[in-house]
Structure formats: C-alpha cells, structure tokens
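Dear colleague,

Please find below the structure that I am handing over to you, followed by an account of what was found in it.

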Amino acid sequence: MEEIIERTRNVNFHHPFTPYDVQFQFMHTVYDVLEQGKGHIGILESPTGTGKSLSLICAALTWLRSHKRKTYEVSVDAAAKAFKDEPDWVVEQLLKRKRAEIADLWEERESNLRKIRAREALMEEREKKRRRYGEAGSSKESEDLGDDEAWLLDEDDEDHPGFSGVGRDEVDESTDEDQIKIYYTSRTHSQLTQFIAELRRPAFPPSVPSEFLESSEDQEAESVKHVPLSSRQRLCINPSVARLGSLSAINDRCSELQQTKSKDKCQFITNASNLKQTHQFRDNVLATLPDIEDLHGLGKTFQICPYYASRTAIPGAEIITLPYPLLLQQSARDALGIKLDGNIVIIDEAHNIMDAIANVYASEIRLSHLVRARPLLAVYVKKFGKRLKGENRVMVGQIARVVDGLRAWMEQALHAKSDFGIVDPNVLLKHKGIDQINLFKLVEYAQKSKLAYKIEGYSASVDTQEGGTMGAPFSSTPVLHTLMSFLVSLSHLSSEGRIFYHKISGKDNGDIKLSYILLSPAHAFSSIALKARAVILAGGTMSPFDDYKTHLFPSVILEKITTLSCDHVIPASNLCVWTLSSCRPKNITNRVEFEFSYQKRSDKTMIRELGLAILNICTVVPDGVIVFFPSYGYLDEVVGVWGETDGTQSPSIWSKLQNKKAVFSEAKGSSSDDILEKYSKAILDDGADAISTESAAKARGALLLSVVGGKMSEGINFSDRLGRCVVVVGLPYPNINSPDWKARIEYIETMTLQNESQSETPRPQNEALAAAKQAARDFYENSCMRAVNQSIGRAIRHRNDYASIVLVDRRFGTDRIRGKLPGWIRGGLVQDSENGGLGQMMSKLNGFFRGKQ
C-alpha cells in the first residue's frame with residue numbers, strides 16, 4: 001500500500017468532501033491500477049457506508065482527465081519532434097497553432113453543452129408538460145393484432161440493426177471515438193441510479209492542459225460526459241411495442257418494425273430524416289448527466305428512440321453506465337456497439353460477479369412449456385401451412401421436432417428414481433432425431449425471422465378472438481422464446497457448461513425442467529479481461545479474494561492483480577464481534593457446542609440452547625436484532641422446536657422471545673417489503689405491529705428471523721436502530737449432493753489436475769490429487785463465506801453507526817474460517833471469544849451498549 005501511495009502521492013482526487021483515510025487508500029489504489037493498465041486487475045473491498053461509489057468516481061475520472069491531458073501534451077511534443085530541423089520560431093508558431101486547434105475544438109464543444117444546460121435549467125418547470133406532450137404525440141397504435149398477414153413468415157427477412165438507415169459517419173461526428181472510456185456496471189437498476197446521483201457531486205478540471213486555454217472561466221471545471229445504456233424494455237417509447245411486456249417479445253417486434261417490408265414502420269427509429277433530432281438528443285445526453293428515466297423522457301421530448309439514439313452519444317462520453325447483462329454478454333455488447341479494447345471496466349457490487357456471469361448464460365425449459373408450445377405451432381400451421389414455402393416450411397417443421405423430442409425425453413425422465421441429475425446432451429438430442437438438425441442454423445433462422453414472436457403473436461390474436469382459451473403467450477415467460485434461449489445453450493455446448501434435469505412437485509402430476517448452467521465464468525469473462533486496459537472489481541464484501549484470482553482470472557499473472565480490503569470508517573469502539581461456540585465456557589466438561597452442520601443441526605438440545613442465547617441477546621441489545629439462518633427449511637425447523645414446551649407451566653422459548661421483542665420471520669417467496677415495513681415500524685414506533693397485542697405492550701424493539709442468501713441478506717439497509725445486532729447461525733454451505741454442485745466440484749478438480757500436468761514442474765500424482773480436492777473444497781467454502789459476509793454487511797452503514805455481530809458456530813473460531821471474513825470484521829473480533837460462554841458474551845454486549853447510551 002505504501003508503494004501505491006508513493007506513486008500517486010501528489011494526485012488531487014477532487015473529492016467533494018474531506019475523505020476518510022480508507023477513502024484515500026481506496027482512491028490511490030484505483031488510480032494506480034488504471035495507471036498501470038496493460039490488463040491490470042483490481043479486486044477492492046470497501047465496506048458499505050465508506051463512500052465506495054464516490055471514491056470510485058473521483059479516482060477513475062481524475063485518472064481519465066489526467067490521461068487525456070497527457071495525451072494532448074504528447075501529441076504536441078510529437079509534432080515538435082517532427083519539425084525539429086525547422087527554425088525555432090517556425091516550430092513555436094506550429095505548436096501554438098496546434099495548441100489553439102485543440103483548445104478551440106474543446107471550447108466549442110463545452111460552450112455548446114453549457115448552452116444546453118442553461119436552456120434545460122430555464123425549462124425545468126416546463127419539462128413535465130413537454131414530456132406529456134411527447135407521450136401524447138407517440139400514442140398512435142402501429143400494430144393490429146387482428147391482421148393475420150402481419151404474422152406470416154417472410155421469404156427473405158433481413159434484419160437492419162444499428163442505426164436503421166443512418167450511416168455511422170452521419171451520426172458520429174465526434175472526434176472522441178478513440179478516447180479511453182469508463183464502462184461502469186452494477187447489479188440492479190436502482191444501484192445504477194444511485195451511482196449516477198453520486199456522479200453529479202464532484203467537479204473535475206478540464207481534459208485539456210490549462211496552458212492550452214486562454215479563458216480563466218474555461219480552466220475552472222468541465223462537466224462529466226455520461227451515457228446510461230439499458231434494454232428496449234426500459235427505453236422503448238413506442239406504446240404498441242412497450243406494452244408487449246416481455247423483453248424477448250419487445251426485441252422481436254422492434255426489429256420487425258425496422259424491416260424494409262414492414263408496413264408499420266416505427267416512427268421513432270433513428271434514420272436520415274430525423275438526424276437533427278438524433279443530434280439534439282445526443283447533445284442533451286452529454287450535457288445533462290441523465291439517468292435511464294431522463295433518457296426515456298428525452299426520447300419522448302425529441303420524438304426519437306432513446307434505445308438507438310443513445311448509441312450516438314457513446315463516442316463523446318467519458319463514462320457509460322449499464323446493467324450486468326449488457327456488459328457481460330458478448331452478443332449484447334456487439335448489438336450496442338460497445339468496444340472494450342483499451343478501455344476501463346468497473347464492476348460494482350462484484351461479490352456476485354461469478355454468479356451473474358453464470359446467470360447471463362443460463363437457460364431452462366419446462367415440460368409444461370413444451371406442452372403449451374405444440375398447440376401454438378398447430379394453430380399457426382393450420383392457418384399458414386399451405387403458404388409456407390422453402391426454408392420457412394422446413395424450419396417450422398424442425399421446431400416441432402425439437403419440441404416433440406425434448407418433450408419425449410422429459411416425460412420419460414418424470415419416471416426416473418432421482419428427482420434431479422446431470423443430462424448427457426448426446427442422449428437428449430437422440431430423441432425424435434434432434435441430433436440430425438443443425439441447431440445453430442435453426443437458432444440463427446429463428447432470430448432472423450422472428451419466428452417465436454410471430455407464432456406466439458398470431459396465437460395471441462386467435463386467443464383474444466376466441467375468448468382466451470390458449471393461455472397468455474406474451475406473459476413474462478413466452479414459451480417459444482424460452483425454448484429458443486435453451487436451444488442457444490444447446491447449440492453452444494462447451495466444457496464449462498452442463499445440462500441438468502430437476503423434477504418440480506405440483507398439485508397435479510408435477511413438472512420437470514431442463515437447465516443449462518455455466519460451471520466456470522473464466523472463458524466467458526476472458527473477452528472482457530483480455531481486451532480492457534484495466535478491470536476493477538469493487539464491493540462491500542469481496543472476501544475471500546482467492547476465488548476471483550483462481551476462477552475468474554486463471555490466466556492473469558499474480559503481479560497484475562492488486563487486492564485491497566479497507567477498514568471501516570467507524571471507530572473500533574463502534575463494533576463488537578463475538579464468536580459463540582457454546583453457551584458454556586470451554587473449561588466446562590459437559591458443554592453443548594454449537595455446530596450447525598447438516599449432520600448435527602437437528603439436535604433439539606442445541607436448538608434450545610440457541611434459543612436461550614438469542615433470548616439473552618434480545619435482553620441486552622436495544623432496538624433491532626436480525627438473525628440469519630442457513631436455509632428456510634432450517635428456520636422453520638428451529639421455530640417449531642422453540643414453540644414446544646417441556647410439559648410444565650413455563651412458557652416456550654418462542655413465547656419468551658415474543659415477550660422480549662416483536663418477532664418477525666421471513667418466509668420463502670413472501671414479500672420482503674411488507675415484513676421490513678412492519679419490522680421497522682415495531683422498532684421506530686416502540687412496539688407497534690407486534691405479533692400480539694400483549695407482546696406489543698412489553699416489546700422493546702424487534703427480532704427479525706431471516707435466511708442467508710434470502711431477500712433480507714443483500715441490498716437491505718439495517719442502519720442505526722434497525723440493526724444493533726446481527727446474528728449468523730451456522731455456516732450456510734450449499735448442498736454438495738445437488739447435481740450442479742457435484743458437477744462444479746468435479747470440474748474444478750479436473751481443471752486443477754489438468755493445470756498441474758501442464759506446469760513446468762508437475763507434482764507427484766498423489767500431491768496433485770490432494771491439491772485438486774483442496775481447490776474444490778476452497779471454492780465450496782468460499783461460496784459459503786461470501787454469503788455469510790453479505791449478511792454481516794447489513795449492519796454498520798455509516799460513520800456514526802454502531803452494532804454487534806454474533807457468529808454462532810464453533811467453526812467460526814477456526815483460523816481457516818476467520819481468515820475468510822472481511823478485514824474490518826476480523827479487526828472487531830473479541831480475542832478468545834470462542835472459548836467463552838453466554839455469560840461472558842452477555843457481559844461484553846451489556847458493556848458495549850451501555851457505553852453507547
């Protein structure tokens with residue numbers, strides 16, 4: 001760390017506030033990774049509440065502006081060298097002219113953007129009226145579902161992606177095409193919106209050297225050029241398309257409305273006739289730091305498609321924000337014209353990046369989907385069969401064979417003894433001769449012809465006319481689109497992926513699904529890591545780091561990977577972390593140790609001891625207590641035991657808990673918003689909405705029983721009174737006997753052995769096997785610890801916050817597990833707490849909270 005700070009000592013990060021020491025550390029590290037470039041990787045952990053987003057912005061944009069200034073200076077120096085044989089006065093005049101050209105171009109652009117911002121400020125009150133006018137002007141229905149001809153497959157459908165008739169040279173007048181850009185991505189739309197709000201806080205100096213500029217006004221600051229990107233689902237302003245709901249249906253209908261043969265052209269699509277509006281849209285985007293809602297509004301204002309028009313702003317942008325799927329998937333990047341070569345990639349909330357990559361490439365199909373798909377095909381063929389010719393006729397027939405083949409295999413698998421398992425793709429594709437079909441060509445045809453959209457669209461029109469007898473094809477999971485997604489996976493099978501089947505219990509005969517899961521994200525992510533100048537993975541709980549190095553960047557040498565785990569901004573006195581191994585101290589012989597492993601966790605004595613511990617915690621901890629269990633099933637089991645009585649008149653543990661605090665329990669599939677509202681109200685309104693009126697009168701705060709990996713364990717803010725204590729019960733290891741985890745373990749062992757055999761100094765076979773098993777074990781354990789760390793991170797959300805954390809399981813006392821906790825948690829651990837008992841913990845917690853009164 002000292003070396004990094006030394007290299008970046010004189011950098012002014014233009015932070016709008018006085019940064020904490022941990023923020024300085026974070027910004028120095030980000031800047032250093034970007035400066036080193038050449039594919040450098042930064043894996044950075046900064047706890048929630050430490051201003052991570054603002055630190056990322058200040059470090060990255062400070063570096064970018066500095067790099068731009070250096071680039072201009074280098075270009076001037078290169079020009080000077082080219083004329084070194086000329087007289088000095090000639091060289092000076094030439095350099096003066098070159099500096100003036102650079103400054104004039106910059107000043108012209110900035111002046112234009114300043115005028116736009118001034119106009120926007122004056123029209124702020126009128127903006128809502130303008131947007132309403134824009135919406136009214138675009139409400140014309142361009143689609144008639146009752147027109148059967150609209151659903152007939154064309155003989156020569158051609159897609160016209162991109163700028164739909166507008167040449168790239170016409171749209172892209174910017175000279176910034178080759179300027180380095182920052183691509184920032186996060187998990188959710190709301191997180192991106194919050195990031196954009198933070199982006200509006202700091203001010204940065206111009207990207208042109210100050211000596212090039214004449215005006216002192218120009219030297220003050222330069223606005224950040226930002227473009228948000230999103231899907232058609234969020235940006236489409238054509239009512240007839242946007243109302244389709246599902247992303248796949250919207251994509252297909254949008255593409256269809258750009259066809260040369262389409263009689264209902266989309267009036268908003270960018271083309272040569274609306275070039276002026278496209279440029280107005282582009283300039284307003286670069287001038288105003290918009291979020292997705294603003295982009296949608298600008299589209300309505302200028303009556304131009306924001307999905308396509310936003311691409312015209314990319315060349316002039318400095319930072320582009322986009323959701324995970326648009327960055328992580330190569331096809332999505334290609335569709336948007338995103339080029340990562342030599343650019344910066346920042347992935348926020350990156351603790352789940354490996355799961356996110358797997359989800360982007362995952363797909364599934366259910367037997368019930370295939371059962372629905374056959375009637376859709378039958379209705380379509382009945383209407384258009386005689387008119388389908390050539391390739392269209394062949395391809396519709398092949399889709400039917402695929403549906404029948406997959407259905408036959410799945411109906412057969414319903415009678416298998418096991419409820420889940422791995423599927424051999426060769427066996428799967430033999431049914432009904434699917435292996436004789438070129439799936440790659442079939443998928444390509446379906447995407448080009450919009451086959452799924454047209455078949456489901458026609459069926460929807462028939463369904464509407466006949467009173468809704470066929471279901472709802474344009475639901476959130478349109479069946480043929482779902483099938484095509486699964487066929488994409490089947491046509492791109494790789495060694496990193498596996499197909500699984502899983503039976504789903506139901507009211508009738510149940511259902512069964514086929515799922516494609518990517519076992520390793522390395523190959524899919526390599527297209528990003530190998531092209532970008534630098535990649536930053538940032539998150540509040542990135543520990544343990546080893547998985548990212550081993551499974552995300554296996555080919556990157558360790559010298560190119562920088563890791564940082566920041567402390568929290570709170571003083572040490574604001575955190576108390578206790579490992580509770582047993583209710584009794586270690587020197588007591590008949591102590592019951594807490595070990596919530598799958599083999600031991602149903603021990604009723606241990607569960608009652610756990611209840612006693614939580615009851616005591618609720619006695620000394622004010623306000624809110626959150627308890628995280630390994631699974632919903634185990635939470636229900638524990639609550640059941642707590643509700644039992646010992647046959648005497650004494651109340652159950654559950655009743656005692658209700659008398660201490662208002663108790664709320666997260667149920668699988670339930671609404672987290674409703675529970676959170678009641679939980680918060682019970683704390684902030686002193687017991688309102690407790691489970692019973694009697695307990696409400698006695699309640700002091702609230703107790704929330706939740707699940708690691710559930711809705712409450714990620715993205716929920718339990719700050720201040722809402723989270724004075726977080727209790728983690730056990731280690732939530734995934735089910736190692738599930739087919740997907742068996743496949744992951746097997747894959748990691750195989751790849752580790754393969755790497756061992758290819759190394760310059762291979763180890764003996766027995767050592768290599770031991771190393772392979774250890775690598776798989778580490779991956780399995782790290783998956784568990786990332787989930788634990790996310791749950792722990794719900795507490796302590798700002799500098800003045802304080803909380804206690806209780807880790808209930810003897811295994812939390814081992815060095816191996818402790819080493820995988822975030823640094824700020826390890827720093828707050830009470831020494832030797834795993835050897836103490838409930839009494840010692842109560843004394844510590846009592847003193848901790850008394851000191852906060």
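At 24% relative accessibility, Gln303 counts as partly exposed, a class that lies between buried (under 20% relative accessible area) and exposed (over 50%), taken with a 1.4 Å probe and protein chains only. The model is a predicted one, in which local features need pLDDT of at least 70 and side-chain atom pairs count only at pLDDT 80 or more, while totals for chains, interfaces and linings use all residues. Residues are numbered from 1 along each chain as its sequence is written, and side-chain values use heavy atoms, with hydrogens and water left out.

Backbone geometry

Gln303 is located in the loop between helix H12 (292–302) and helix H13 (306–309); helices (H or I, at least four residues) and strands (E, at least two) are DSSP runs numbered from the N terminus. Although Gln303 is not a glycine, its phi is positive, at about 55 degrees. Asp832 is another residue other than glycine with a positive phi, near 60 degrees. Asp832 belongs to the loop between helix H33 (823–828) and helix H34 (838–850), and with 45% relative accessibility it counts as partly exposed. A cis peptide bond, with omega about -5 degrees, joins Ser543 and Pro544. Pro544 is found in the loop between strand S10 (534–539) and helix H24 (546–552). As background, most residues other than glycine have a negative phi, and most peptide bonds are trans.

The chain as a whole

The secondary structure of the protein chain comes to 34 helices and 17 strands. Of its 853 residues, 55% are buried. The chain exposes about 38300 Å², of which carbon and sulfur atoms supply 49%; accessible areas come from the Shrake-Rupley method with a 1.4 Å probe, and for residues only the protein chains shown count as cover. Among contacts (heavy atoms within 4.5 Å) between residues at least 6 apart in sequence, 81% join residues at least 24 apart.

The four-stranded sheet

Four strands form an open sheet in the order S6-S9-S8-S7, with antiparallel pairing; two strands pair if DSSP finds at least two bridges between them. Strand S6 (363–366) and strand S7 (420–423) are the edge strands, each pairing on one side only. From one strand to the next the twist averages 20 degrees, where axes are lines fitted to C-alpha atoms, for helices over the stretch in contact, and angles run from 0 to 180 degrees between N-to-C directions. Strand S8 (residues 497–504) and strand S9 (residues 511–518) pair in the antiparallel sense over eight bridges, and Ile499 has Tyr516 of S9 as its bridge partner. Helix H17 (residues 367–384) lies across S6 and S9 and runs at about 65 degrees to S6.

Helix H23 (residues 522–529) is mostly covered, with six of its eight residues buried. These are Ala522, Ala524, Phe525, Ser527, Ile528 and Ala529.

The axes of helix H25 (residues 604–620) and helix H26 (residues 632–642) come within 10 Å and cross at roughly 85 degrees. H25 is therefore roughly perpendicular to H26, the class for angles of 65 to 115 degrees; under 35 degrees counts as roughly parallel, over 145 as roughly antiparallel and the rest as oblique. On the H25 side the contact is made by Lys604, Ile607, Arg608, Leu610, Gly611 and Ile614, and on the H26 side by Tyr634, Glu637, Val638, Val641 and Trp642. The buried residues of H26 are Tyr632, Tyr634, Leu635, Val638, Val641 and Trp642. They pack against H25, strand S13 (624–629), helix H27 (653–660), strand S14 (662–665) and strand S15 (702–707).

Leu199 is found in helix H7 and is buried, with a relative accessible area of 1%. Leaving aside neighbours within four places in sequence, Leu199 is in contact with Ile57, Leu61, Val224, His226, Leu289 and Ile319. Its C-alpha atom is separated by 8.7 Å from that of Cys58, 141 residues apart along the chain.

Ala203 is in the loop between helix H7 (189–199) and strand S3 (226–228). With neighbours within four places in sequence again set aside, Ala203 is in contact with His14 and Ala221. The C-alpha atoms of Ala203 and Phe13, 190 residues apart along the chain, are separated by 9.9 Å.

Yours sincerely
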